[in-house]
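Open the model in your viewer and keep the selection tool at hand. We will go stop by stop.

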Amino acid sequence: MNETHPQADDPFVFDGLVVANWGPDVFNALRAGGVSAINATCALWENARQTMDNVARWIGWFDEFSDLILPVRQISDLELARSTNRTGVVLGFQNLSPIEDQLSYIGLYKTLGVGVMQLCYNTTNLIGSGSYESRDSGLTDFGREVIAEMNRVGVAIDLSHVGERTADDAIAASTVPVVMSHVLPKELKEHPRNKSWAQLKAVVDRGGLVSVTMFPAFLPKGPASTVDDYAAAIDLVVDHCGEDNVGFGTDFTEGQPQEFLEWLMRDKGYARTLTDFGAVKNPAGIETIAETSNLIAALERREWTASRIEKVIGGNWLQYLATVWARA
């Protein structure tokens, strides 16, 4: 692990999905791990009021911990975060329950700094179906309006937890490239959350980004995985999708209690249990956020060039967000 304080000329490191138990311990861990910026989950099953409470909490943290974190609303904020040795925070949704049935809320949240929104979280909502739904009915007509509005205001469309048919519909409907912020290929392990090569290639063929996760349940070795297994998974995706189209998204749940994970895995947060991962044990060598820099070392062990590492470790996320947000 890199114990030194990150420097402004270190590689730009963007973690495409973190859903940690937010607070000063996590913010300090991000700095220790050399993480330049993150897509920080601020809503999962929450409604509009609950989500506004979460966003308000983040606004307070941005003020209280301004030496560690910086709110990101435009690309220049990402550059500022790196140059001032802070972690830029792009607020993100893993579900569109926060918009309820109001298209206008998409622009409202974008103004507040929510730059990435996932259409569905595991099951069906007003937009479409999730990957754990027994019947994927595809994108709804309202969902098409939602995508058009997200395109208009410049919000990145995330399809990580979205069902296959709904994702295909969304890829086709969006006039702006989409992202899968934390996924793995089915070739590694057959799992409802893992994606086919056809779907991953459909994302990148339209200019989108595939961001590889290390969530142990989706890796072949499960909790016995290591940071080198994670690097191998990224390598495999790069081989299929190209080094200009791949990033990483750990899905760190650091500091979250078991009750939180159980809440995640229930439909709407309280109904049927969708799956049971038990306690999450991240790959050895990158078990904590502070060890993020070990991923760079693992990619170096695979004899990656510096330019390839810089792209996948953060440069591709930077380019992707610049493309999507420029539409606003």
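Select strand β5, residues 114-118. Five of its five residues are buried, so to speak "mostly covered"; buried means under 20% relative accessible area, with exposed over 50% and partly exposed in between (1.4 Å probe, protein chains only). Strands here are DSSP runs of E with at least two residues, and helices are runs of H or I with at least four, numbered from the N terminus.

This is a predicted model: local features need pLDDT of at least 70, side-chain atom pairs count only at pLDDT 80 or more, and totals for chains, interfaces and linings use all residues. Residues are numbered from 1 along each chain as its sequence is written, and side-chain values use heavy atoms, leaving out hydrogens and water.

Two strands pair if DSSP finds at least two bridges between them. Pick Gly92: Val116 in β5 stands opposite.

Click Gln118 and find its bridge partner, Asp158 in β6. Next, trace the chain from β5 through helix α5 (residues 141-153) to β6: this β-α-β crossover is right-handed. That means the path from the first strand over the helix to the second runs clockwise, with the strands pointing away from the viewer.

Last stop: helices α3 (residues 75-83) and α11 (residues 306-325). Which residues of α3 meet α11? Ile75, Leu78 and Glu79 do, and their partners are Leu318, Leu321, Ala322 and Trp325; contact means heavy atoms within 4.5 Å.

How values were computed: Axes are lines fitted to C-alpha atoms, for helices over the stretch in contact, and angles run from 0 to 180 degrees between N-to-C directions.
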